[in-house]
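Here is a short report on one protein chain. Look at the overall fold first, then at the details.

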Amino acid sequence: MSDTSPARPAAVLDVWCELQCPDCRTALDDLRALRARYGDRLEVRLRHFPLEKHKHAFAAAQAAEEALEQGKGWAYVEAVLGRVEELDRKGEPLLVEVARELGLDAEEFDTALIDGRHILIVDADQAEGKAIGVTGTPTYVIGGERLDGGKSQEGLRERIEAIADRLLDEQRA
């Protein structure tokens, strides 16, 4: 999932995430900082990797794709990640509630969760993640390097920045 403009960014950061994951919520501050620092030079793409231990994660991933389709992908992702414990308790009704709070078409969200129109996107992300060795969330991939944030967020933003800076310098050269 990406809300960026069609222009090709200088670097791409894939973030393998799931919206019921407390570690992914913790990673939001780093993602905000990276987006602020690099702007459109770094495309930050959410890649879905719902974990079996979180029973609402697959539905949340589909809901995030519906939010993207309605023009508020990252706002929705941040709102849901900010309410991880509530998602655990309330389940899918919370996903529709968050959509309504953001001014999205809540009825369409409900329909999308029922008809499964975004399942293939979520399945494809998860399959690609497994193929490249993603085992937990958050996991970052930038410049061909995979960084596991599920174990620790410590130092990851600095490592991502170093790789992004290198990629940007290479493009300028």
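## Overall fold

How many helices and strands are there in the protein chain? The chain has 8 helices and 4 strands. The model is predicted. Along the sequence, the elements follow the pattern β-α-β-α-α-α-α-α-α-β-β-α. The radius of gyration is 16 Å, close to the 16 Å that the globule rule gives for 173 residues, so the chain is as compact as a globular protein of that length.

The C-alpha atoms fill a box of roughly 50 × 30 × 25 Å along the principal axes. Of the 173 residues, 49% count as buried. Among contacts with a separation of 6 or more, 71% come from residues 24 or more positions apart.

## Packing of α2 and α6

Two packed helices are described by the angle between their axes and the distance between the axes. Helix α2 spans residues 57–69, and helix α6 spans residues 106–115. They pack at an angle of about 135°, with their axes 10 Å apart. The two helices are therefore oblique to each other. Their crossing is right-handed.

On the α2 side, the contact involves Ala-59, Gln-62, Ala-63, Glu-66 and Ala-67. These meet Glu-108, Phe-109, Ala-112 and Leu-113 in α6. By class, the contact has 6 nonpolar, 1 polar and 2 charged residues.

## Glu-86 in α4

Glu-86 sits in helix α4, residues 84–90. Is Glu-86 buried or exposed? Its relative accessible area is 17%, under the 20% cut-off, so Glu-86 is buried. Leaving aside residues up to four places away in sequence, Glu-86 touches Gly-91, Leu-94 and Glu-97.

Methods
Residues numbered from 1 in each chain as written. Predicted model: local features only at pLDDT ≥ 70, side-chain atom pairs only at ≥ 80, totals over all residues. Heavy atoms only, no water. Axes fitted to C-alpha atoms, helices over the stretch in contact; angles between N-to-C directions. Parallel < 35°, antiparallel > 145°, perpendicular 65-115°, else oblique. Left-handed = near helix turned anticlockwise from the far one by under 90°. Contact = heavy atoms within 4.5 Å. Nonpolar A, V, L, I, M, F, W, Y, C, P; charged D, E, K, R; others polar. Buried < 20%, exposed > 50% of the residue type's maximum accessible area, 1.4 Å probe, protein only. Rg over C-alpha atoms; globule rule 2.2 N^0.38 Å.
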